[in-house]
Amino acid sequence: MEDVDVRPESLDLGYLALFVGQRMNDQVLEELHAAGFTGLRHSHGHVFQHLLGGARSISELAKLLGVTQQAASKSVAELESLGYVEKTEAGDARVRQVALSARGLASVEKSQALRSALQKRFERQHGEGPLQEARTLLAGMLVSLGGEDAVRRRRVRQPR
C-alpha cells in the first residue's frame with residue numbers, strides 16, 4: 001500500500017488547527033526535556049493547569065480532570081516522584097493536598113518562555129497582523145462551537 005501525500009493546505013480548519021497545536025506542544029515538550037525537565041508528558045499539563053491557582057485535594061483534582069480519584073492519585077504520585085508536585089498541609093489531616101513544587105513552577109515558566117519564543121518566531125515569519133487575525137478567527141470559532149467556557153474556567157479535558 002502506497003503512502004498518500006496530504007498537503008496541509010488541503011486539510012479542513014479543525015484538523016489543521018489540531019495538528020499545529022499538537023506539533024507546537026510536541027516541540028515545547030521536547031525542549032522542556034532538553035532543558036532538564038524530564039519525565040513530563042502532555043497529560044501532565046492538565047494536572048498543572050488545576051494547580052496553578054494553588055493547592056488542591058486529590059478529590060478536587062479528580063473532579064476537575066473528569067477522572068476517578070484513583071487515576072488522579074496515580075498522576076499526582078508520578079508527578080511527585082519526578083519532583084513537580086509536593087504535598088502541602090491541609091486543615092483536615094484526612095485530606096491530602098498537593099501543589100506545584102519549585103521545580104513544577106520552573107517548568108511552567110520554561111514552557112511559557114518556549115511558547116513565547118514560538119509566538120515571536122511566527123510573528124517574524126508571518127507578521128503580527130496575520131497572526132492576530134488567525135488567533136481572532138480561531139477564538140471566534142471556539143466561541144461558536146461552545147468551547148469558550150471550558151478554556152476560560154480551565155476545564156479543557158484530555159482527549160479521550
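1. A quick cut-off before the rest: a salt bridge here is a side-chain nitrogen of Lys or Arg within 4 Å of a carboxyl oxygen of Asp or Glu. Bear in mind that this is a predicted model. Arg56 and Glu60 meet that definition, with their side chains at 3.7 Å, N to O. Arg56 is partly exposed at 25% relative accessible area, and Glu60 is partly exposed too, at 32%.

2. On the other salt bridges: the structure holds six. One of them joins Glu30 and Arg23 at 3.5 Å, N to O. Glu30 comes out partly exposed at 45% relative accessibility, and Arg23 partly exposed at 42%.

3. Glu148 and Arg152 are paired at 2.3 Å, N to O. They sit four residues apart in helix H7 (residues 148–152), so about one helical turn separates them. Glu148 is partly exposed at 32%, while Arg152 counts as exposed at 59%.

4. Now the helix packing. H3 (residues 58–65) and H4 (residues 69–82) pack at about 110°, with axes 8 Å apart, which means H3 is roughly perpendicular to H4. From H3 the contact uses Ile58, Ser59, Leu61 and Ala62, and from H4 it uses Gln69, Ala72, Ser73 and Val76. By type, that is five nonpolar, three polar and no charged residues.

5. Last, the largest nonpolar core, which has 24 residues; Leu40, Phe48, Leu51, Leu61 and Leu79 touch the most other members. Helices H1, H2, H3, H4 and H5 and strand E3 each supply at least two of its residues. Leaving out residues up to four places away in sequence, Leu51 touches Arg56, Leu61, Val85, Val98, Ala99 and Leu100.

Conventions: Residues are numbered from 1 along each chain as its sequence is written. This is a predicted model: local features need pLDDT of at least 70, side-chain atom pairs count only at pLDDT 80 or more; totals for chains, interfaces and linings use all residues. Side-chain values use heavy atoms; hydrogens and water are left out. Axes are lines fitted to C-alpha atoms, for helices over the stretch in contact, and angles run from 0 to 180 degrees between N-to-C directions. Angles under 35 degrees count as roughly parallel, over 145 as roughly antiparallel, 65 to 115 as roughly perpendicular and the rest as oblique. Contact means heavy atoms within 4.5 Å. Ala, Val, Leu, Ile, Met, Phe, Trp, Tyr, Cys and Pro count as nonpolar, Asp, Glu, Lys and Arg as charged, and the others, Gly among them, as polar. A nonpolar core is a set of buried Ala, Val, Leu, Ile, Met, Phe, Trp, Tyr and Cys residues joined through side-chain atoms within 4.5 Å. Buried means under 20% relative accessible area, exposed over 50%, partly exposed in between (1.4 Å probe, protein chains only).
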